[in-house]
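Q: I would like to learn how to read salt bridges and pockets in a model like this one. Could you take me through them?

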Amino acid sequence: MSIDRLRRRLVRGFACTAASAALLPCCLGRAAAGNLGFSLRQIADGVFAFQGTDELMTAANDGAICNLGAVIGTDAVAVIDSGGSLIEAHAFLAAIGKVTAKPVRFLVNTHMHPDHIFGNAAFREIGATIVGHRNLPRALDARGAFYLHNYREQLGEALMEGVEIVSPTRLVDDHLQLDLGGRTIELRAWKAAHTDNDLTVFDTATRTLFAGDLVFMGSLPTLDGSLLGWLRQMDALTAIDAARVVPGHGPVTADWPQALAGERRYFEVLARDIRKAIADGTPLREAVKTAGGSERDNWHLFDDYNERNATAAFAELEWE
């Protein structure tokens, strides 16, 4: 399909709402726009979510692999994560425009990974305040250039056109409340677990928890922070008085805290296997091939991520 034809298709798709019309000048060069079927599901009163595909990020899926959310107050909207491309971010904004005319005042980044933050520039363009963990700017400074280079090779220039590393301008040290007008969402900064910059978002009105990648369901959890930190904080996670959770990856939605059970089991098995390998004197290169192997049938993408998790776990547990 030609670029001109794709542009015409994009214009037709975004012309359906006033909110999306304002975004058109930013989108006309996006050659991959035809790939993404984007729809929001209402999961509670004034709370909407998009379920990402259970895959690795590719050009075919427009990077739309993580779950996204929107909470609507009487005055404004807060969005949870911006997605894995500007294609996805603009589709997200267009979908929000179909359910409310209220402005998107806040974008909350739950952590640093590209599938959650590559759409940030679209929200900066509309004047939203970007909110993140106190460690997020440092993490993006350290890894941003690598992310952009790596994903241009992986996803292609067309999908990565216009993608920038956009850091938050409002930071969360511990807890922060955001007022949307008649509705408050509570943000909580966590110690190192999935990453060292994880945030959760809790809508007090409906008791809906957006857990980011502190919760994976179906798709194997990925370890980029601290295995021990993640395990230690699971009791604090389960203590959140939520009725439902939107995990970073997996079904939208799930009962809470039951949704955490599979992830807890996986990490306990991984820690047990690595500790045994260390005690037995098994070299890292051998240990990572089998550690956690009994969990293979329980998770998608197991073979893509488990050895990486085991390597990180070995490095951490070797010195405990």
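This is a predicted model: local features need pLDDT of at least 70, side-chain atom pairs count only at pLDDT 80 or more; totals for chains, interfaces and linings use all residues.

Q: Which residue forms a salt bridge with R207?
A: That is D241, with the closest N and O atoms 3.2 Å apart. D241 sits in the loop between α9 and β12, and R207 in the loop between β10 and β11, so the pair ties together parts 34 residues apart in sequence. D241 itself is exposed, at 52%.

Q: How many salt bridges does a search of the whole structure find?
A: The search finds 13. One of them joins R143 and D224 at 2.7 Å, N to O. Here helix α7 holds R143 and the loop between β11 and α9 holds D224, so parts 81 residues apart in sequence are tied together. Another pairs R265 with E295 at 2.8 Å. R265 belongs to helix α10 and E295 to the loop between α11 and α12, 30 residues apart. R265 is partly exposed, at 35%, whereas E295 is buried, at 4%.

Q: And the largest pocket: what lines it?
A: Its lining has 33 residues, with D115, Y151, T222, Y305 and R308 nearest the centre, around a volume of about 580 Å³. Helix α7 gives the largest share, six residues. By type, the lining divides into 14 nonpolar, 12 polar and seven charged residues.

Key. Residues are numbered from 1 along each chain as its sequence is written. Side-chain values use heavy atoms; hydrogens and water are left out. On a 1 Å grid over the protein atoms alone, a cavity is a set of points where a 1.4 Å probe fits but cannot get out, and a pocket is an open set with protein on both sides within 12 Å along at least five of seven lines; lining residues have an atom within 4 Å of a point. Grid points are joined across faces, edges and corners, and a volume is the space filled by probe spheres set on the points. Helices (H or I, at least four residues) and strands (E, at least two) are DSSP runs, numbered from the N terminus. Ala, Val, Leu, Ile, Met, Phe, Trp, Tyr, Cys and Pro count as nonpolar, Asp, Glu, Lys and Arg as charged, and the others, Gly among them, as polar. A salt bridge is a side-chain nitrogen of Lys or Arg within 4 Å of a carboxyl oxygen of Asp or Glu. Buried means under 20% relative accessible area, exposed over 50%, partly exposed in between (1.4 Å probe, protein chains only).
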